[in-house]
Amino acid sequence: MSFQEQIKKTTSLGFFEGQVPLNYKYTMGVAGERFFQTLRDKGDFIASKCPECGTMAIYPLIYCEECFAEIKDYVSVGLTGELYSWTECSSDFKGARHEKPHLLGMVRFQGVQGGIIHRLDVPLSEIAIGMKVIAVLRPSSQRKGSLDDIQCFKKA
Amino acid sequence: MGYRRVAIVGAGLTKFVRRAQETGPELSWQASKMALDSCSLRLKDVEMITLGSAPDGFDGVHMKGEYLLSGAGGSNKSYIRNFVGGGTGVFAPIHGWMHVASGACDVCLVVAEEKMSSCHPTPQGAFITIFDHTTEQPLKPTLIWIFALEMRRYMERYGLTRADIARVAVKNKKNAMDHPSAQVAGEYTVDDILNSEVLAEPVHRLDISPAGDGAAAVVLASEDVAKRLTDRPVWLDGVGWNLDTSYWATKDLYYPRYVEKAARMAYDMAGIKEPHKEIQVAEPYDPFDYKELHHMEGLLLCPRGEAARLTAEGYTARTGNLPTCPSGGALGVGNPIAATGLMKVIELFLQLRGEAGKRQIPGKPRVGVAQAWGDLMQVGTVVVCRS
Ligand SMILES: [Zn+2]
């Protein structure tokens, strides 16, 4: 017996099967609820605005990460932003291949810290970092106040 | 011993609730902001931050330390998470103490958070894999199951009845009526506790603290800085921690020797020779009513097997010789795990400063002890505070 010994035939090892049986219902939080309710009801994106340093953030926060001040102000930033980066994703989190690659983009908004990551519906040949894109929302009757209220971003 | 003296100079505590709208980072920020405001500091004055939170499974967010970072003020700072199961809430200030006592920094923010309501329908599923997969999991154990074994053995060893133990729940739930953060305060009789729904004999519903959401924070400072910030610093004069074997079935179940070892470490550091005479207020961890008794004995606050009798005689009431859980404890204020432990340290901070309001115990207490416990009936974390 040596600690260097390696078991090559892994099927010879006894085993048990297990799982951690947990389910979750996460709250959206104070700022999160505000963001998604505004998206649902008004079809608009809002950013939080720090009363001390003026920093605006998407997704909004109830506190400023920099100066820790309480934030109660939210400002409309509209649906149009700028493509900051993008990817073409070929497999899912279980390792299965997508039939057709998924296009994802990170979109930033003028003067706002942070951004929104979502599906990108722009022909591959036309994608360019820095291009203007606009969020396509579901019709208001179908919006539920969640990330899926946004269908995708397309060319503005 | 070459340590710098460390003081608590500020504290913040959210309400403890069944389900908070706030996210974990939002709760963390509320407590942190209150703590900083209470000693007139800004985030920029904080050099290091330590955050305590129990298993990721509670909040349902892996890498919870990173998730909670922004709310704990940790962005672009020396920030780290600590974790020793249910003992985390009292370990968090010990970890902060290390930062300051060692000279690594002068001002350290200590945050403790738990949001257990995300886990549906209960967080019990998070505990399945704390049991040994081969020798215990096939029996489908629950957490309450192992505490039922422990409580029964404790009762057997000292000839106690359920009623002897239920007095702890009655006392703490009543004490919590004066606590603004309380989740399950109320006036109950011993019979109410005895007749509540049985979970695993001898443990019934009201013998147990509830799950909940909440956060707590304290600001620690070195001696020089503390004296500049406040004329009422509360000194963190002793800290101790100890972990017993993970093979919990090998333990005697009626005496928490790991709590005693942690307590002796803290008492030695604080120069306390006769804890039952020198300690004037205690906040032992009370997630179950019998645990307060267990822990009083482990903390050497009374002889073994005597805690129930002393409770019946009013010795541990707010007006007694040794007020125990004057806050209302986990049984009354609630038990968002890590936040609860730090809530207990905050209770000492307020009691020793004479700022506990309706909960203030008489006689201007100067020395207190707080303790938490957890993992597989395994970890004891203890701090001694002095005004
Ligand atoms: Zn700011």
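Mentor: Let's start with a term: buried means under 20% relative accessible area, exposed means over 50%, and partly exposed lies in between, using a 1.4 Å probe and protein chains only. Both C50(A) and C64(A) are buried. This is a predicted model, where local features need pLDDT of at least 70, side-chain atom pairs count only at pLDDT 80 or more, and totals for chains, interfaces and linings use all residues. Residues are numbered from 1 along each chain as its sequence is written, chains are lettered from A and ligands numbered from 1 in the order in which they are written, and side-chain values use heavy atoms, leaving out hydrogens and water.

Trainee: What makes C50(A), C53(A), C64(A) and C67(A) donors of the zinc ion?

Mentor: Donors are N, O and S atoms within 2.8 Å of the metal (3.2 Å for Na, K and Ca); water is not among the atoms, so sites may look incomplete. The SG atoms of these four residues lie 2.2 to 2.3 Å from the zinc ion, so they meet the zinc cut-off of 2.8 Å. Their spacing along the chain is C-x2-C-x10-C-x2-C.

Trainee: Why is the arrangement around the zinc ion called tetrahedral?

Mentor: Four donors count as tetrahedral if all angles lie between 85 and 135 degrees. Here the 4 donor atoms subtend angles of 99 to 127 degrees, so the arrangement is tetrahedral.

Trainee: Why is V170(B) counted as buried?

Mentor: Its relative accessibility is 19%, so V170(B) counts as buried. V170(B) sits in helix 6 (residues 162-175) of chain B; helices are DSSP runs of H or I with at least four residues, strands are E runs of at least two, and both are numbered from the N terminus.

Trainee: How do you know that T88(B) is buried?

Mentor: The relative accessible area of T88(B) is 0%, so T88(B) is buried. T88(B) belongs to helix 4 (residues 88-101) of chain B. Not counting residues up to four places away in sequence, T88(B) touches G52(B), S53(B), N82(B), F83(B) and A338(B), where contact means heavy atoms within 4.5 Å.

Trainee: What makes a set of residues a nonpolar core?

Mentor: The members are buried Ala, Val, Leu, Ile, Met, Phe, Trp, Tyr and Cys residues joined through side-chain atoms within 4.5 Å. The largest nonpolar core has 111 residues, and Y154(B), L236(B), Y267(B), V369(B) and V383(B) touch the most other members. Helix 14 (residues 337-353) of chain B gives the most to this core, with 11 residues.

Definitions and conventions:
Four donors count as tetrahedral if all angles lie between 85 and 135 degrees; four count as square planar and six as octahedral if opposite donors are over 155 degrees apart and all others between 65 and 115; anything else is irregular.
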